[in-house]
Amino acid sequence: MYRVRRWVVRHSRVFEMIYRRFEPVLVKLAPVWRRLGHERVEAPVRMVEKAAKEALFDCRMCGQCILSATGMSCPMNCPKTMRNGPCGGVRADGHCEVKPDMVCVWVDAWEGSRRMKQGDLIHAVQLPVDHRLTGSSSWLRVVRQQDGSSSSTANRETTR
């Protein structure tokens, strides 16, 4: 997983372009998702999302994906789950203080963001992780937000 994750970061521009084409398709399907019911489609969509993201990004399914803002490097892979930049323990060689054999997730994030068209998104301050959303589909959450059908209860998935 680690090698694939690092490869994806090196090719972050390609994955950014893929996602920029994928997201509008998901949003255009919003009437279908609504008709079927978000609760009903959550499990199958989550299963597909989890398989794809685990294989490519070593995703932890936090439910609040920010890959497009972090150079396609998932900050949840940080042993300290730092969501807004590296901790003070990044070694001089760019490796993690907790896992010395691993390059810091944020070193990868910076490198990946420099390759992306919208790489400046790395400067955006991210909200803390809402652990109630762990295991839910961030793809469906994006659809609801883009579609305008988002509400406080729609943002909190209860199905796991």
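User: Where in the chain is Asp-58 placed?
Analyst: This is a predicted model, where local features need pLDDT of at least 70, side-chain atom pairs count only at pLDDT 80 or more, and totals for chains, interfaces and linings use all residues. Residues are numbered from 1 along each chain as its sequence is written, and side-chain values use heavy atoms, with hydrogens and water left out. Helices here are DSSP runs of H or I with at least four residues, strands are runs of E with at least two, and both are numbered from the N terminus. With that in hand, Asp-58 belongs to the loop between helix H4 (38–57) and helix H5 (105–115).

User: Is Asp-58 buried or exposed?
Analyst: The cut-offs are under 20% relative accessible area for buried, over 50% for exposed and partly exposed in between (1.4 Å probe, protein chains only). Asp-58 comes out at 12% relative accessibility, so it counts as buried.

User: What is phi of Met-72 near?
Analyst: Asp-58 has a positive phi near 55°, and it is a residue other than glycine. Met-72 is also a non-glycine residue with a positive phi, and its value is near 65°.

User: How far apart in space are Ala-92 and Lys-53?
Analyst: Along the sequence, Ala-92 and Lys-53 are 39 residues apart. From C-alpha to C-alpha, the gap between Ala-92 and Lys-53 is 30 Å.

User: Which residues does Glu-49 touch, leaving out those up to four places away in sequence?
Analyst: Glu-49 is part of helix H4. At 1% relative accessibility, Glu-49 counts as buried. Taking contact as heavy atoms within 4.5 Å, the residues touched by Glu-49 are Met-61, Ser-137, Ser-138 and Trp-139.

User: What separates the C-alpha atoms of Val-32 and Phe-15?
Analyst: Val-32 has its place in helix H3 (residues 30–36), and at 33% relative accessibility it counts as partly exposed. Val-32 and Phe-15 are 17 residues apart along the chain, and their C-alpha atoms are separated by 26 Å.

User: How many helices does the protein chain have?
Analyst: Read along the sequence, the pattern is α-α-α-α-α-α-α. The chain has zero strands, and its helices number seven.

User: What share of contacts between residues at least 6 apart in sequence joins residues at least 24 apart?
Analyst: As for the overall build, the C-alpha trace spans about 55 × 30 × 25 Å along its principal axes, and 44% of the 160 residues count as buried. For contacts between residues at least 6 apart in sequence, the share joining residues at least 24 apart is 65%.

User: How far apart are the end C-alpha atoms of residues 41–131?
Analyst: UniProt lists these residues, in an unreviewed entry, as "domain: Methylene-tetrahydrofolate reductase C-terminal-like". Over residues 41–131 the chain is 31% helix and 0% strand. The end C-alpha atoms of that stretch are apart by 21 Å.

Definitions and conventions: UniProt positions are given in the numbering used here, feature names are shortened, and annotations may be inferred rather than shown by experiment.
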